[in-house]
Amino acid sequence: MTPRHPELGAYLLAGQPGGVRDIVEEVRGAQRLGLGTAFISERYNKKEAAVLTGAAGAASDDIGICTAATNHNTRHPMVTAGMTRTARDLTGGRFTLGLGRGIRMLQDAYGIPPITTAAIEDFVGIMRALFRGETIIGHDGPAGKFPVLHLDGSLDEYLPMALVAFGPRTLELGGRLFDDVILHTYFTDETTRRCVETVKTAAERAGRDPDRVRVWACLATVGDHVPEADRMRKTVGRLGTYLQGYGALMVETNRWDPAVLQRFLTDPVISSVAGLDIVGTPDQLEHAATLIPQEWLAAAATGTPDRCVAAIRHQFDLGCDAVILHGATPGELEPIIEAYGRR
């Protein structure tokens, strides 16, 4: 029998997938490895969360499915509630609705209102009330104005929810209201410890059991059995794309040197590439590697399977309850999971 690892998870269709139908085999592969949760991210081009959730849920039978993340304000609350209830019924309760703030630059470009902490908190209250079978009349709050919201009067269940958290206010919100809090990739040890403490302290202050709020580290896991070109894209390319998209937040959170970020962003090669992990050439990725300090890239699981396992287990030493093995397919994770099961 395959050992079960409920404390481990992985993203399906990590990065920019060639074809979304790959999610069928990937979720089955993650399940065969004994992973506890399969996470689904969302991009506007070809990774719509509701469709992918349905496919992953139908193709699996015992692995958890979690959006990490979708945004609460890109669908009407009733659409999200209906999607969530459908997904939970499809999966026999294995689905967790995971929310996040999204990328402000894209939201501004598309005319999507910015997401506030108050709006997320208000939305959580709406969703939890709907899943208790309540009818909401005349709601007027940070999440919006809604004359009537009603899902099903026969419902009476607790809705588990997850939050992708970055800054202190979002981390505190996660501790107050959510069941799972998912940290960002490439967090230093000090940042990870600080984030875990923020979540757990907020849970305790809210009168919750902090041990019931599960904090997930999100650890880039790219073993040296992965071809070198792919390793560069999944490490240098991925971190480089984060720095291009919201580098100031990454630098502030990790307390890195902002001057290094400025040199990276103003470099003529980097500034000519929109999304290093998607369209960066091998030469461009090698150039990017000369601009990103090794200590910034060190917050990852790399090297042999045993070295990767040591890095994974270190996340528990930092206080995390669970670890997402980020940026790799289940096939790429197989030798690492085998090594994990031996230790």
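This is a predicted model: local features need pLDDT of at least 70, side-chain atom pairs count only at pLDDT 80 or more; totals for chains, interfaces and linings use all residues.
Colleague: Helix packing next. At what angle do α2 and α3 pack?

Modeller: About 10°, with the axes 9 Å apart. α2 is residues 49-58 and α3 is residues 77-90. An angle under 35 degrees counts as roughly parallel, so α2 and α3 are roughly parallel to each other.

Colleague: Which residues make the contact?

Modeller: From α2, A50, T53, G54, G57 and A58. From α3, M83, A87 and L90.

Colleague: And by class, what does the contact of α2 with α3 have?

Modeller: Five nonpolar residues, three polar and no charged ones.

Colleague: Now α5 and α6. At what angle do they cross?

Modeller: Roughly 20°, and their axes come within 10 Å. Here α5 spans residues 117-131 and α6 spans 168-177. These two helices are therefore roughly parallel to each other.

Colleague: Is the crossing left-handed or right-handed?

Modeller: Right-handed, as α5 passes α6. On the α5 side, the contact uses T117, I120, E121, V124 and R128. On the α6 side, R169, L173, R176 and L177 take part.

Colleague: How do those residues divide by class?

Modeller: Four are nonpolar, one is polar and four are charged.

Colleague: Switching to strands. How do β5 and β6 run?

Modeller: Antiparallel, joined by six bridges. β5 is residues 135-141 and β6 is residues 144-150. The two strands form a hairpin, with two residues between them.

Colleague: What is the bridge partner of D140?

Modeller: K145, in β6.

Colleague: Backbone checks. Which peptide bond is cis?

Modeller: The one from A68 to A69, with omega near 10°. A69 is found in the loop between β3 (64-67) and α3.

Colleague: What about Y186 and its phi?

Modeller: Y186 has a positive phi of about 60°, and it is not a glycine. Most residues other than glycine have a negative phi, and most peptide bonds are trans.

Colleague: Where does Y186 lie?

Modeller: In the loop between β8 (180-182) and α7 (189-205).

Technical notes:
Residues are numbered from 1 along each chain as its sequence is written. Side-chain values use heavy atoms; hydrogens and water are left out. Axes are lines fitted to C-alpha atoms, for helices over the stretch in contact, and angles run from 0 to 180 degrees between N-to-C directions. Helices (H or I, at least four residues) and strands (E, at least two) are DSSP runs, numbered from the N terminus. Angles under 35 degrees count as roughly parallel, over 145 as roughly antiparallel, 65 to 115 as roughly perpendicular and the rest as oblique. A crossing is left-handed if the near helix is turned anticlockwise from the far one by less than a right angle, and right-handed if clockwise. Contact means heavy atoms within 4.5 Å. Ala, Val, Leu, Ile, Met, Phe, Trp, Tyr, Cys and Pro count as nonpolar, Asp, Glu, Lys and Arg as charged, and the others, Gly among them, as polar. Two strands pair if DSSP finds at least two bridges between them.
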